[in-house]
Amino acid sequence: MTLAALRTDGKRALAAALAGLERDPESDASQALLDAAWREPRAHVVGVTGPPGVGKSSLCAALVSAWRRSGSTVGVIAVDPSSRTSGGALLGDRVRIAHDGSDPGSFVRSMAARDRLGGLADQTLAAMVLMRALFDRVLIETVGVGQSETDVAGVADTVVFCVQPGSGDSLQFMKAGIVEIPHLVVVTKADMGAAAERARADVAGALSLSTAGDAGDWPVRTLAASSRSGAGMDGLVAALEAHREHLANDGRLAVARHRQSQGWVGESLRDRFGRDGLARLGRMGLDLALAPGAQPFQRLRELGRALERP
């Protein structure tokens, strides 16, 4: 399967390609597809995270609708809790995010988190890289596990953290150390009125001196939105576009994605070979550094082969 074929053959071909990536990510076909997709990034990647029940799925569905109305194509990765029995996704994409399955310009993929604690599935980055080459927007919704939802910063260009009015989420957000992760904080259920505004003001006050992410010069924005009434959704879409434009200036996006790639290589090697494996790389005179513009999948293969040698 090639990128060109995926662009012409539609959603069924993409679903098959993603299934192939999950089933055998190390195959020559999977690696060739990922290498090709890495060279042709197209989409702005948005990650949506936050505690369970905060309304992430509804907010994502509203974002998909807003982007489609503007003419942008959208790919969604919804990371689900795992079944204890099968290890597969416990909730399906039809349950998590309401969307028009017949719309050729939108696609939703459900992935199982399995035993990962950072809110993402093992193959989220690979799926994101492929979908990033095919759509105008890629949306990643994390599983929602609470205080360990930080992996999304390693795959998304823009991170949105959701807070629910009257739930204490804003305080938990500060205690959990997630304060350094998001670029936007969205109080969901803005139709609750005063309670939503209080939550927004609490978070805004706590973040008044904070900057987020690798860029460092982006002041974290707080806003309220309601997927039910639509209140604040135009403001959220505008804020996401503002951060996309911010990243496009002065090479910020390339720098952020390079750091993400380098971090992913290190994490993947640590998962596979452990900390001892990383230490052995150092003794072999190798490190995790990526040359500017280098592809992480190729680098991972090179370092993995070095560690597999007797």
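Trainee: Which residues of α10 are buried, and what makes a residue count as buried?

Mentor: This is a predicted model, and in it the buried residues of α10 are Ala256, Arg257, Gln260, Ser261, Trp264, Val265, Gly266, Ser268, Leu269, Gly277 and Leu281.

Trainee: What does the corresponding comparison give for α11?

Mentor: In α11 there are 13 residues, and from its first C-alpha to its last the helix reaches 18 Å, close to the 18 Å expected at 1.5 Å a residue. Its buried residues are Pro296, Phe297, Arg299, Leu300, Arg301, Leu303, Gly304, Ala306 and Leu307, and their cover includes α3, α6 and α10.

Trainee: Why are α10 and α11 called roughly parallel to each other?

Mentor: Their axes cross at roughly 5° and come within 10 Å. Angles under 35 degrees count as roughly parallel, and α10 and α11 are therefore given that description. Where they meet, α10 brings residues including Trp264, Leu269, Phe273 and Leu281, while α11 brings residues including Phe297, Leu300, Leu303 and Leu307.

Trainee: Why are α4 and α9 called roughly perpendicular to each other?

Mentor: Helix α4 (residues 56-69) packs with α9 at an angle of about 75°, and their axes are 11 Å apart. Angles from 65 to 115 degrees count as roughly perpendicular, and α4 and α9 are therefore described in that way. The residues that meet are Leu59, Ala62, Leu63, Ala66 and Trp67 from α4, and Met233, Leu236, Val237 and Leu240 from α9.

Trainee: Is leucine 34 buried or exposed, and how do you know?

Mentor: Leucine 34, which belongs to helix α3, has a relative accessibility of 2%. Since the limit for buried is under 20%, leucine 34 counts as buried. Not counting residues up to four places away in sequence, leucine 34 touches Leu21, Ala126, Val129 and Phe297. From leucine 34 to leucine 21, 13 residues apart along the chain, the C-alpha separation is 8.9 Å.

Trainee: Why does glutamate 245 count as partly exposed?

Mentor: Glutamate 245, placed in helix α9 (residues 233-248), has 43% relative accessibility and therefore counts as partly exposed, a term for values between the buried limit of 20% and the exposed limit of 50%.

Trainee: What makes aspartate 250 count as exposed?

Mentor: Aspartate 250 has a relative accessibility of 72%, and exposed means over 50%, so the word applies to aspartate 250. This residue is in the loop between α9 and α10, and it has a positive phi of about 60° although it is not a glycine. Glycine 166, in the loop between β5 (158-163) and α7 (169-175), is likewise exposed, with a relative accessible area of 78%.

Trainee: Which residues touch the most other members of the largest nonpolar core?

Mentor: The largest nonpolar core has 44 residues, and Leu3, Leu18, Ile77, Met128 and Leu130 touch the most other members. Its largest share, seven residues, comes from helix α6 (residues 124-132). A second, separate core of 24 residues includes Leu63, Val108, Leu184 and Leu240.

Trainee: Which residues is leucine 130 in contact with?

Mentor: Leaving aside neighbours within four places in sequence, leucine 130 is in contact with Leu3, Leu6, Leu14, Ala17, Leu18, Leu21, Leu33 and Ala37.

Trainee: How many helices and strands does the protein chain have?

Mentor: The protein chain has eleven helices and seven strands, and 50% of its 310 residues count as buried.

Definitions and conventions. Residues numbered from 1 in each chain as written. Predicted model: local features only at pLDDT ≥ 70, side-chain atom pairs only at ≥ 80, totals over all residues. Heavy atoms only, no water. Core = buried A, V, L, I, M, F, W, Y, C linked by side-chain atoms within 4.5 Å. Buried < 20%, exposed > 50% of the residue type's maximum accessible area, 1.4 Å probe, protein only. Helix = DSSP H or I, 4+ residues; strand = E, 2+ residues; numbered from the N terminus. Contact = heavy atoms within 4.5 Å. Axes fitted to C-alpha atoms, helices over the stretch in contact; angles between N-to-C directions. Parallel < 35°, antiparallel > 145°, perpendicular 65-115°, else oblique. Expected span 1.5 Å × (residues − 1).
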